[in-house]
Amino acid sequence: MSSLVTTVITLITLRFDYVQEIDAVERTLKMLQVSYMDSVSRSLWDLNQEQLQVGLEGILRLPNIEFVEVRDEQGKKTGFGKKMESHAASFEKEFPLIYSASGKTRQIGTLSVTVSMEEIYLRLFRKIFLI
């Protein structure tokens with residue numbers, strides 16, 4: 001009976017920790033939108049490769065981000081990080097890059113980020129052995 005209670009408590013704890021980790025990833029993606037999108041869009045519009053690189057490298061330093069790439073209207077790609085083949089421990093999120101001038105708004109490209117879940121899964125796996 002006590003092993004059943006221990007197992008149930010462990011599962012509840014792991015579920016709670018998993019939800020917290022996912023919330024942290026979502027907060028990171030929201031921060032990316034608030035803090036980086038305007039400057040990346042502006043750099044792309046201005047064809048400022050140096051500033052675009054600085055912005056993308058900043059995004060790459062965010063927790064759990066393993067690859068970041070901008071694709072402009074012509075399909076030209078600029079990326080940083082480790083481009084991995086799609087696997088269960090990662091997912092990709094795309095954001096439209098919007099530029100506004102003179103009251104007109106248009107999409108000038110796409111920002112793609114690959115989020116790694118590997119570290120999150122490793123932390124949860126380690127907790128199984130600590131509990």
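Me: Why is L47 called exposed?
Reply: The relative accessible area of L47 is 71%. Exposed means over 50%, buried under 20%, and partly exposed in between, with a 1.4 Å probe and protein chains only. L47 is at 71%, so it is exposed. This is a predicted model: local features need pLDDT of at least 70, side-chain atom pairs count only at pLDDT 80 or more, and totals for chains, interfaces and linings use all residues. Residues are numbered from 1 along each chain as its sequence is written, and side-chain values use heavy atoms, with hydrogens and water left out.

Me: Where is S102, and what is its phi?
Reply: S102 is in the loop between β3 and β4. Its phi is near 50 degrees, a positive value in a residue other than glycine. With a relative accessible area of 77%, S102 is exposed.

Me: What makes S43 buried?
Reply: Its relative accessible area is 4%. The limit for buried is under 20%, so S43 qualifies. S43 belongs to helix α1 (residues 2-45). It touches N48, Q51 and L52, not counting residues up to four places away in sequence. Contact means heavy atoms within 4.5 Å.

Me: Why is M84 called partly exposed?
Reply: M84 has a relative accessible area of 42%. M84 is in the loop between β2 and β3. M84 and T114 are 30 residues apart in sequence, yet 8.7 Å apart in space, C-alpha to C-alpha.

Me: How do you know that β1 and β4 pair?
Reply: Two strands pair if DSSP finds at least two bridges between them. Seven bridges join β1 (residues 65-72) to β4 (residues 104-116), so the two strands pair. They run antiparallel. I65 has V115 as its bridge partner in β4, and D72 has G109.

Me: What makes β1 and β2 a pair?
Reply: They share five bridges in the antiparallel sense. At least two are required, so the pair counts. R71 stands opposite K77 in β2. The hairpin of β1 and β2 has four residues between the strands, and G75 there takes a positive phi near 95 degrees.

Me: Why are β2 and β3 at the edges?
Reply: The open sheet of four strands has the order β2-β1-β4-β3, with antiparallel pairing. β2 (77-81) and β3 (90-101) each have a single partner strand, so one side of each is left without a neighbour in the sheet. Neighbouring strands of this sheet are turned by 20 degrees against each other on average, direction ignored.

Me: What makes β1 mostly covered?
Reply: Seven of its eight residues are buried. Helix α2 (residues 49-60) lies across β1, β2 and β4, running at about 150 degrees to β1. Axes are lines fitted to C-alpha atoms, for helices over the stretch in contact, and angles run from 0 to 180 degrees between N-to-C directions.
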